[in-house]
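Welcome! Keep the viewer open as you read.

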Amino acid sequence: MKILIIGSSTGGPRILFDIFSEIPKLPISIILVQHMPQSTTPRLARRLSQICKLDVIIPESGTKLSPGCLYVAPGDNHLILVNNERILLDLSEKVNYVRPSIDVTLFSLKENQDIQLFGIILSGMGNDGAEGMAYLKSIGGYTIVQDPGSCIIKSMPESALKTGKIDAVFTPGQIHDFLSGLAKKG
Amino acid sequence: MECLDNQSSDQDIYGLMVVDDDDDILFTVYSLFKKRQFPVLLAHSGQECLNLLEKGFKGVILMDIMMPGMDGWETVEQIVNHGYEKNLIISMFTAKDIPDTPLDHLKEYVLDYITKPFEPKDLIILVDDYLELLQ
């Protein structure tokens, strides 16, 4: 099993449209944590479902992860993974000024030898996701940030890079290829 | 410059609003979109923007940051305080190379940054993308 967490904020949606364009159904569960108002969630989910072959889902508490699905964290809810299997939506305090917080989702991941974990941080303000990516690395995950030079707002990927725990710096095109490659590896 | 408006009064139509104190910018953006089927509204200030939202504007807002009086971030804060954000996609529209905000609590309401000067083709694609997102 494979799980990928993508953290995105200001400037991220246009990158999401690029990296998910024509992406086939992948043998991986993808969770997107985009900083956005609640009202934008169904719109973003619908748009992503139009450009890729993944099943795009706005999860409810209790939703079980399945491969081939892209779960869009609903605005105004933290998305927590329980035992890397089920989604719990949480209305506790904002973290890093936002809800959903990328850090909250990343820190909910559990080390498990049978599960490959990946994290990608895209364009955005502030430092949400940085500590979470360091944690992800510490439990054996593979960490990627969008090349700050290609970001509308560099702060989030740069903050993650400052942790020294990032495995790869990719342009949007390389992120797209990385995702496509996951399909080829099966 | 008067607020140029080719919109109908239909409340379900999503449009484009440009908020900028620079008449040249307003005119340039208006020229790019004036023949399109959606409303294009121009606001010279944050207060004009809020007035148009009060009248029911829905759609994409390109928000200049540096404006006299209420700046772009303060305007976004007022938009959120009034609950107008539900049917909006807000992008800051800035000349700054390294945009960031001291108002971290507002970042989730701003989906994008577009820097000036802009490539007309790129701006059209982005606005179309975000209008499609709202439909």
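Predicted model: local features only at pLDDT ≥ 70, side-chain atom pairs only at ≥ 80, totals over all residues.

**Exercise 1. Find the order of the five strands in the open sheet of chain B, and say which stand at the edges.**

Solution. Step 1: start with the overall inventory. Chain B has four helices and five strands, and along the sequence they follow the pattern β-α-β-α-β-α-β-β-α.

Step 1: read across the sheet. The order is E2-E1-E3-E4-E5, with parallel pairing.

Step 2: pick out the ends. E2 and strand E5 (110-115) of chain B each have a single partner strand, so one side of each is left without a neighbour in the sheet. On average, neighbouring strands here are turned by 20° against each other, direction ignored.

Step 3: check two of the pairings. E1(B) and E2(B) pair in the parallel sense over four bridges, with Leu16(B) opposite Val40(B) in E2(B). E3(B) and E4(B) also run parallel and are joined by six bridges; here Gly59(B) stands opposite Leu88(B) in E4(B).

Step 4: Helix H3 (residues 72-82) of chain B lies across E1, E3, E4 and E5 of chain B, at about 145° to E3(B).

**Exercise 2. In E2(B), which residues point one way and which the other way?**

Solution. Val40(B) and Leu42(B) share one direction, while Leu41(B) and Ala43(B) take the other, and all are buried. For the chain as a whole, buried residues make up 39% of the 135 residues in chain B.

**Exercise 3. Which residues have the most contacts inside the largest nonpolar core?**

Solution. Step 1: name them. They are Ile30(A), Leu32(A), Met17(B) and Ile90(B), in a core of 87 residues.

Step 1: see which element gives the largest share. That is strand E4 (residues 88-94) of chain B, with five residues.

Step 2: zoom in on one member. Setting aside residues up to four places away in sequence, Ile90(B) touches Ile61(B), Met63(B), Val76(B), Tyr109(B), Val110(B) and Leu111(B).

**Exercise 4. How many residues does each chain bring to the contact?**

Solution. Step 1: count. Chain A gives 20 residues and chain B gives 18 residues.

Step 1: locate chain A's share. Helix H1 (12-19) and helix H2 (41-51) of chain A each supply at least two residues of the side that touches chain B. By class, that side of chain A has 10 nonpolar, seven polar and three charged residues.

Step 2: visit a residue in helix H2 of chain A, namely Leu44(A). Is Leu44(A) buried or exposed? The cut-off for buried is 20 or more other C-beta atoms within 10 Å; Leu44(A) has 23 such neighbours, so it counts as buried.

Step 3: list its partners. Beyond its neighbours within four places in sequence, Leu44(A) is in contact with Pro13(A), Gln34(A), Met36(A), Val72(A) and Leu133(B). Leu44(A) and Val72(A) are 28 residues apart along the chain, and their C-alpha atoms are separated by 8.3 Å.

**Exercise 5. Which are the edge strands of the seven-stranded open sheet in chain A?**

Solution. Step 1: write down the order, E3-E4-E2-E1-E7-E8-E9, with parallel pairing.

Step 1: take the ends. Strand E3 (55-57) and strand E9 (168-170) of chain A each pair on one side only.

Step 2: inspect one pairing. Strand E8 (residues 142-146) of chain A runs parallel to E9(A), joined by three bridges, and Ile144(A) stands opposite Ala168(A) in E9(A).

Definitions and conventions. Residues numbered from 1 in each chain as written. Chains lettered and ligands numbered in written order. Core = buried A, V, L, I, M, F, W, Y, C linked by C-beta atoms within 7 Å. Buried ≥ 20, exposed ≤ 12 C-beta atoms within 10 Å, placed from the backbone. Contact = placed C-beta atoms within 7 Å. Nonpolar A, V, L, I, M, F, W, Y, C, P; charged D, E, K, R; others polar. Pairing = 2+ DSSP bridges. Axes fitted to C-alpha atoms, helices over the stretch in contact; angles between N-to-C directions.
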